[in-house]
Amino acid sequence: MRKLILLTVSAALLAACSKSAPPQASQPDLTNLNGAQAVAGEILVKYKGGASVSSVKALSGSRMVQSVGGGDWGTLARVSVPKGQELSYVSGYAGQAGVEYAEPNYWVPNSRAEVQNLSLSKGGAVSSLALPNPITDPYFTQVPAGDPFATASAGGGATYSNVPFLWGIYRVRAPEAWAAGATGAGVVVADIDDGADLTHPDLAPNLWTNPNPSDPNCPGTNGYDFANDDADPTDTNGHGTHTAGTIAAAANGQGVVGVAPEAKLMILKGLGFFGGTNFMLVRALKYAADCGAKVANNSWGGGQKTKAFKDVLEYGTAKGTTYVFSSGNSFRDGNRPSSPVVYSTEVAGVIGVGATSPNNVRTGFSSTGDYVTVAAPGQAILSTIPQDQGNPNDPYAFLQGTSMAAPHVTGVVALLYSAKPGLKPEQVRVALERTANATLTGQLAVPDYQAASAGWYGYGLVDAKAALDYVKANY
């Protein structure tokens, strides 16, 4: 095992710090509408399937800027309107024949602002940020003798020489699922975030390669950047690279390894450094479903429920894509609900994820409610970061947040699809619910929505091996 060196993430490391990095989308002018931030001077208009944008009369003073969709689903248009009159134009468009709905183009802040960081000293001690004291879990600080990480890799042949501290991979029982033949092979996973380091040695081997990058509906070689509207979804923040590593870092004998180490990562940059609009994120969610992703990770969320988010989630799940969302990190700040994770209560196949600590209790930041389907490790999670951040020879760091919990579940879902490619999203969700470990989380009932700790764990801690056994037996 190679000697560990200082691994630290700070606010500076989560900022763009390379002169050669792609430009960041600037934050647009924002205004407060219906109690939430939205883009000033813009609204979204959804035209019904079969209705063309040109067949609906444009309101005076407005102009369509961009659109996505077409066919039976309809077309979602981004429409420019006079600043300060957004809600009146929403009302005007919503009343027109051929229009399904109209609403503000709400703003979703980048989740990096809510993610906390940890540092690892050379002595192997993790800074005491609400962690169990002492930490007795052997998986947290070492690779136990005889463990899969110390022997053969998931694909056979090579051996792991990964750093320790990958407790989350063990806690969801991923190695046992690998041993049963489920590694994520053949599954495309979309990571909708702020991009990823496409050259990272742990991620590059597992990047999805678009079979037709010139397709206007599925542009880009490894995914797409909806924040800057180009085909380079490179991460200059750090958050997206970290989530991608937990999902599917390759079993390459170095660094870390993901829950689904043979899945392919479709990198969709729906957020810039400051955040993203609903229109950007709806395009990313739709791209995932249209372009072959079986599961999409979403470690982000905002405060406003929107018709556009529910619309695209219903569309995507009907096409066979499972959407996984982090529950949010606002428990200490009033536990305000986050969107789109709240749609896990309304759309079959949408999964909400809360965060647990190494001692299997809810982390102090993890938002709770009936939208939490299952829980997963989200505290002191070691994963990949961009190579131009921190130590370029050791591009790994600890982060914590529900943003780190969701990728564990996304990886588990990829394992299920690798074993049963024909699964439907609602079947995936049922499998996770019926096999979640409620014993480790100490629940009196499953789910725990009616308990004193309502929504802390949903159905319990996600269990890859139990869920794999369930889908093999039932589907």
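Helices (H or I, at least four residues) and strands (E, at least two) are DSSP runs, numbered from the N terminus. The model is predicted, so local features need pLDDT of at least 70 and side-chain atom pairs count only at pLDDT 80 or more, while totals for chains, interfaces and linings use all residues. Residues are numbered from 1 along each chain as its sequence is written, and side-chain values use heavy atoms, with hydrogens and water left out.

**The whole chain**

Start with everything shown. The chain has 10 helices and 17 strands. Of its 475 residues, 60% count as buried; buried means under 20% relative accessible area, exposed over 50%, and partly exposed in between (1.4 Å probe, protein chains only). Contact means heavy atoms within 4.5 Å. Among contacts in the chain with a separation of 6 or more, 77% are between residues 24 or more positions apart.

**Loop between β13 and β14**

Select N335, which is found in the loop between β13 and β14. Its phi is positive, about 55°, although N335 is not a glycine. In the loop between β13 and β14 there is also P340. A cis peptide bond, with omega about 15°, joins S339 and P340. Most residues other than glycine have a negative phi, and most peptide bonds are trans.

D229 counts as partly exposed, at 33% relative accessibility.

**Strand β6 and N105**

Select N105 in strand β6 (residues 99-109). Is N105 buried or exposed? Its relative accessibility is 0%, so N105 counts as buried. Show the side chain of E42 as well: a polar contact of 2.9 Å joins it to the side chain of N105. A polar contact is a pair of N or O atoms within 3.5 Å; within protein, one must be able to donate a hydrogen and the other to accept it, and residues adjacent in sequence count only if both atoms are side-chain atoms. A polar atom of the N105 side chain also lies 3.2 Å from the backbone nitrogen of F279. Leaving aside neighbours within four places in sequence, the residues in contact with N105 include A38, R78, T277 and N278.

**Helices α6 and α7**

Select helix α6 (residues 278-290) and helix α7 (residues 307-318), whose axes come within 9 Å and cross at roughly 5°. Axes are lines fitted to C-alpha atoms, for helices over the stretch in contact, and angles run from 0 to 180 degrees between N-to-C directions. The crossing makes α6 roughly parallel to α7. Angles under 35 degrees count as roughly parallel, over 145 as roughly antiparallel, 65 to 115 as roughly perpendicular and the rest as oblique. On the α6 side the contact is made by N278, L281, V282, L285, K286, A289 and D290, and on the α7 side by A308, F309, V312, L313, Y315 and G316. These residues divide into nine nonpolar, two polar and two charged. Here Ala, Val, Leu, Ile, Met, Phe, Trp, Tyr, Cys and Pro count as nonpolar, Asp, Glu, Lys and Arg as charged, and the others, Gly among them, as polar.

**Aromatic pairs**

The structure holds 10 aromatic pairs. Rings of Phe, Tyr and Trp (its six-membered ring) pair if their centres lie within 6.5 Å; planes under 30 degrees apart count as stacked, over 60 as edge-to-face and the rest as tilted. Select W300 and F325: their ring centres are 5.6 Å apart and their planes at 75°, so the pair is edge-to-face. W300 is in the loop between β12 (295-298) and α7, and F325, 25 residues away, is in strand β13 (residues 322-326). Both are buried.

Then select W456 and Y457, an edge-to-face pair with ring centres 6.4 Å apart and planes at 75°. W456 is partly exposed at a relative accessible area of 26%, whereas Y457 is buried at 6%.

**T441**

Y457 is one of the residues in contact with T441, along with N360, G460 and L461, when neighbours within four places in sequence are left aside. T441 lies in the loop between α9 (425-435) and α10 (464-474), and is buried, with a relative accessible area of 8%. Its side chain makes a polar contact of 2.7 Å with the side chain of Q443. Which distance separates the C-alpha atoms of T441 and V361? They are 6.2 Å apart, at 80 residues along the chain.
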